[in-house]
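Have a look at the picture first, and then we'll go through it piece by piece.

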Amino acid sequence: MKILHLYFSTTGNTQKVAAQVDRTLHQLGHEVETVQVAKAAEPDLLAYDLIFMGSGVYSWLPGKPLVELIIKLREKYAGAGEIKPAAPRRPGKKAVIYCTFGGGHTGANEAVPAVKYMGQLFDHLGFEIIAEWYVPGEFLGGNLQYLSTTGRLGNIQGRPNDHDLQEISEKIIGILRV
Ligand SMILES: Cc1cc2nc3c(=O)[nH]c(=O)nc-3n(C[C@H](O)[C@H](O)[C@H](O)COP(=O)(O)O)c2cc1C
């Protein structure tokens, strides 16, 4: 099974989750190609059986470099006739989409657009989205740190924490059973 992992992180929270994804896959005996999107070329998604894509949430969406990559890939695959009317499934192709988010105003509702946006690329290509993960990530840097204790998620200082990361490992173990 060929596995690709694309992620974007500005303040390090998604990076922590990404590292846990990679660690867990390696522990389970899988190879994974991991690409931090800021430095990414355009990977050939269709060459992989399982793809993880993750980002922090910024103004309800994934990070700009990841959005730009998604637009480029969508145009590339549409131009090549790989995005077909009614988006037929590609058997055996699966994706896991995740975000870290602060939810300072409307909780998980403001992270949903980011995860759905990322997922649409894979859904259009016929991948089955087998999981969506929403991991709390404290607000770091800038002038938004007050939202880590005053938002709808309550106190999220220190998140993602060891417990969050352990949950990621458990979920990967479950997914690989499928
Ligand atoms: C400039 C900025 C904008 C953000 N906007 C949102 C947002 O719209 N919704 C949300 O749930 N979290 C928002 N957050 C919180 C981040 O999504 C959260 O801290 C995430 O874990 C950051 O990921 P990263 O550390 O990998 O960059 C924002 C954080 C920053 C710094």
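Predicted model: local features only at pLDDT ≥ 70, side-chain atom pairs only at ≥ 80, totals over all residues.

Let's start with where the ligand sits: the space it takes up is the largest pocket. Two elements give two or more residues each to the shell around the ligand, namely helix α1 (13–27) and strand β4 (94–101).

Who are the neighbours? The ligand has 20 residues around it, and the ones that come nearest are Ser 9, Thr 11, Thr 14, Val 57 and Tyr 58. Sorted by class, this shell is made of 12 polar, six nonpolar and two charged residues.

| Residue | Part of the residue | Distance to a ligand oxygen |
|---|---|---|
| Tyr 58 | polar side-chain atom | 2.5 Å |
| Thr 100 | N or O atom in the side chain | 2.6 Å |
| Gly 137 | polar backbone atom | 3.0 Å |

How much of the ligand's accessible area does the protein cover? On its own the ligand has 640 Å² of accessible area, and the protein covers 87% of that.

**A pair of rings**

Now for the aromatic side chains. The structure has five aromatic pairs, and one of them is formed by Tyr 98 and Trp 133. To describe a pair of aromatic rings, you give the distance of the centres and the angle of the planes. For Tyr 98 and Trp 133 these values are 5.8 Å centre to centre and 35° between the planes, which counts as tilted.

Which parts of the chain does this pair link? Tyr 98 is in strand β4 and Trp 133 is in strand β5 (residues 128–136), so the pair links distant parts of the chain, 35 residues apart.

Finally, check out two loops. Between β3 (50–56) and α2 (64–79) there is a loop that holds Trp 60. Trp 60 is not a glycine, and yet its phi is positive, at about 75°.

The other spot is Pro 160, found in the loop between α4 (147–150) and α5 (162–177). The peptide bond that runs from Arg 159 to Pro 160 is cis, and its omega is near -5°.

How values were computed
Residues numbered from 1 in each chain as written. Heavy atoms only, no water. Near = heavy atom within 4 Å. Polar contact = N/O pair within 3.5 Å; in protein donor to acceptor, adjacent residues only side chain to side chain. Areas by Shrake-Rupley, 256 points an atom, 1.4 Å probe, with all protein chains shown as cover. 1 Å grid on protein atoms, 1.4 Å probe; cavity = no way out; pocket = protein on both sides within 12 Å on 5 of 7 lines; lining within 4 Å. Sits in = over half its atoms within 2 Å of the grid points. Helix = DSSP H or I, 4+ residues; strand = E, 2+ residues; numbered from the N terminus. Nonpolar A, V, L, I, M, F, W, Y, C, P; charged D, E, K, R; others polar. Phe/Tyr/Trp six-rings, centres within 6.5 Å; stacked < 30°, edge-to-face > 60°.
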